[in-house]
Every structure is written in C-alpha cells, then in structure tokens.
Amino acid sequence: KKDRMGKIDKTHSLSVSRQCELLNVPRSSFYYSPLEDGSYNDELMKQIDKQYMDTPFYGVPRMTNHLRGLGYKVNPKRIRRLYRKMDLCAIGPRPNTSKPHKGEGHAIYPYLLRGLTVDRPNQVWAMDITYIPLGSSHMYLVGIIDVYSRYIVGWSLSNTMTTRWCRECLDEAIKNHGVPEIVNTDQGSQFSSPEFSAYFSSHEGLKFSMDGKGRAIDNIFIERFWRNIKYEKIYLEPSDNGLDLYRKIKEYMTYYNTERPHQGLEYKRPVEIYRTAA
C-alpha cells in the first residue's frame with residue numbers, strides 16, 4: 001500500500017478520489033500522515049499545559065479553538081480526553097461535581113475550608129497533581145503545600161498517576177513534618193479512592209477536605225506554585241530524561257522553600273514562616 005500511495009499525484013488531471021479508486025486504496029489513507037505513537041498527543045499536551053497556566057478558565061471548547069488557531073487539527077473529543085489524562089478542569093462551577101467517581105467505593109468528601117481562617121502551619125495542607133512535559137513524553141508531579149506558610153512539605157515525580165503514589169507522598173510528608181489538621185484535594189479518582197481516603201482513619205484528628213468547585217479556585221495556593229515552577233524552571237530548562245527532570249525539580253523545591261521571597265508573605269521565604277510559627 002505504501003508504494004501505491006507514493007504514486008498518487010495531487011497535480012494530476014484525475015482527482016485524488018479517482019486515483020485512490022484505481023489503485024485500490026482508501027482515500028482516507030492518502031490524507032493520513034503517520035506519527036510516532038503518542039507524539040502528537042504529547043505535543044498537544046505541552047501546548048495545553050502552557051495555555052492553561054495563563055488561562056485556567058479555558059474549558060474544552062475554548063482550548064480546542066485555541067489549538068486550532070495555532071494550526072493543530074483537533075476536535076473537542078480529543079481535547080476532553082487529554083484534559084482527563086492531564087487531570088485538568090476549568091475554573092468555575094462544573095456540572096455534576098457532587099457525583100462520586102464511578103469506581104466502586106469512591107466517595108466525595110465535604111469542603112472544609114469555606115470561611116476558615118488559616119493562621120498557623122500544619123493547619124491546612126493542599127495536595128494536587130500536575131502534568132510535566134519531558135522531551136517527547138511527559139511525567140506527573142504531585143505536591144503538598146502548607147497553606148499558611150506556602151512551604152512545600154512533600155512532592156514526588158512519577159510517569160503514572162496512581163493512588164498508591166499519592167498516598168506514599170502524603171505519608172512521607174507526615175513523617176517529616178507531623179500530622180496536619182486538614183488535607184485538601186480535588187475530586188480526582190486518586191484522592192477519592194478507598195485506598196487513599198482510608199489513610200485518614202489511621203491518623204487521629206486528620207480531616208479530609210475536597211474542592212467543591214474548580215480546583216484552581218479552592219486549591220489556589222498549590223495552583224500558583226505549579227505556575228511558578230513551570231515558568232521559572234520547567235519551561236526555561238526543558239529536560240530530556242526523568243533523572244534530569246528530577247534533579248531540576250529538586251533544585252527548584254529547595255530554592256522555592258529556602259531562598260525565593262514570597263510576595264504574599266511580605267517578601268519573606270516560606271521556610272521562615274513555617275519554622276518560626278511551627
């Protein structure tokens with residue numbers, strides 16, 4: 001078929017349709033340009049990630065239109081699937097957010113931060129997952145931030161999003177910094193699964209909170225951190241392999257916690273606020 005496809009000439013007097021018919025090949029095959037498996041989706045996810053950092057209120061229709069404007073041939077179905085893969089959702093109320101995950105045993109927990117005054121370290125931790133571009137592929141980064149001090153108490157890098165991975169990251173953060181009063185997450189399947197939520201019963205007094213609207217509203221501090229690390233490190237210093245990416249993220253975590261002045265903290269460093277008030 002490949003040899004026959006090479007004989008088709010768009011400048012010929014015969015139409016492409018007629019040439020395909022004479023050569024006994026599907027016309028659709030002529031317009032298909034094969035790519036490496038997943039490479040086109042990875043390129044789309046990189047573009048989605050960059051635009052989402054600037055416009056987190058973009059849902060599937062707007063993002064589809066944006067990508068088409070850049071010259072990508074996409075439809076809403078594909079972008080919706082990539083949004084799910086990247087664990088993204090637009091800011092603002094979403095339909096059916098109160099419905100639990102379809103998997104057996106998954107549950108949605110109440111949002112506990114509404115009207116709450118956060119005035120001390122380890123009172124509220126926010127936990128989230130973000131997409132990280134890596135050469136022609138990607139990885140995922142889970143992070144936990146102390147809302148009061150903006151101090152990153154835990155993080156982990158993985159090529160898959162699993163409940164066990166999230167639970168182990170939280171467990172490590174608690175071992176290093178103690179048990180917080182509340183952990184807030186979005187309603188993603190990793191956090192609503194029985195394996196993750198059962199963890200809270202093993203720590204007396206630890207409460208589980210879930211966003212009731214768009215996570216970029218309720219989990220705004222960890223969302224802002226994602227923007228910081230991507231624009232100040234990931235996008236400026238692209239990585240080709242996981243080890244290099246891990247090293248760069250580790251460098252940035254140390255810089256962010258111990259050296260970077262934070263405007264919301266009156267230009268103090270997160271470590272100053274976290275350790276002084278703890």
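Which strands does helix α12 lie across?

1. Helix α12 covers residues 242-258. This helix lies across β1 (124-134), β2 and β3. Its direction is about 175 degrees to that of β3. Keep in mind that the model is predicted.

2. Now the sheet. Five strands make an open sheet, ordered β3-β2-β1-β4-β5, with mixed pairing. At the edges are β3 (151-158) and β5, each pairing on one side only. From one strand to the next, the twist averages 25 degrees. In general, strands of a sheet pair through backbone hydrogen bonds, either parallel or antiparallel.

3. Look at one pairing in detail. Strand β2 (residues 137-146) runs antiparallel to β3, and 7 bridges join the two.

4. Next, the aromatic rings. The whole structure holds 16 aromatic pairs. Phe196 and Phe208 have ring centres 5.6 Å apart and planes at 55 degrees, so this pair is tilted. Phe196 sits in helix α9 (residues 194-197) and Phe208 in strand β5 (residues 207-210), so the pair links parts of the chain 12 residues apart. Both Phe196 and Phe208 are buried. They also belong to a cluster linked by ring pairs, together with Tyr109, Phe191, Tyr199 and Phe200.

5. Compare Tyr231 and Tyr235. Their ring centres are 5.3 Å apart and their planes meet at 85 degrees, so the pair is edge-to-face. Tyr231 is partly exposed, at 31% relative accessibility. Tyr235 is buried, because its relative accessible area is 18% and the cut-off for buried is under 20%. Lys50 lies over the face of Tyr235, 5.5 Å from the ring centre.

Conventions. Residues are numbered from 1 along each chain as its sequence is written. This is a predicted model: local features need pLDDT of at least 70, side-chain atom pairs count only at pLDDT 80 or more; totals for chains, interfaces and linings use all residues. Side-chain values use heavy atoms; hydrogens and water are left out. Rings of Phe, Tyr and Trp (its six-membered ring) pair if their centres lie within 6.5 Å; planes under 30 degrees apart count as stacked, over 60 as edge-to-face and the rest as tilted. Helices (H or I, at least four residues) and strands (E, at least two) are DSSP runs, numbered from the N terminus. Buried means under 20% relative accessible area, exposed over 50%, partly exposed in between (1.4 Å probe, protein chains only). A charge sits over a ring if NZ of Lys or CZ of Arg is within 6 Å of the ring centre and within 35 degrees of the ring normal. Two strands pair if DSSP finds at least two bridges between them. Axes are lines fitted to C-alpha atoms, for helices over the stretch in contact, and angles run from 0 to 180 degrees between N-to-C directions. Contact means heavy atoms within 4.5 Å.
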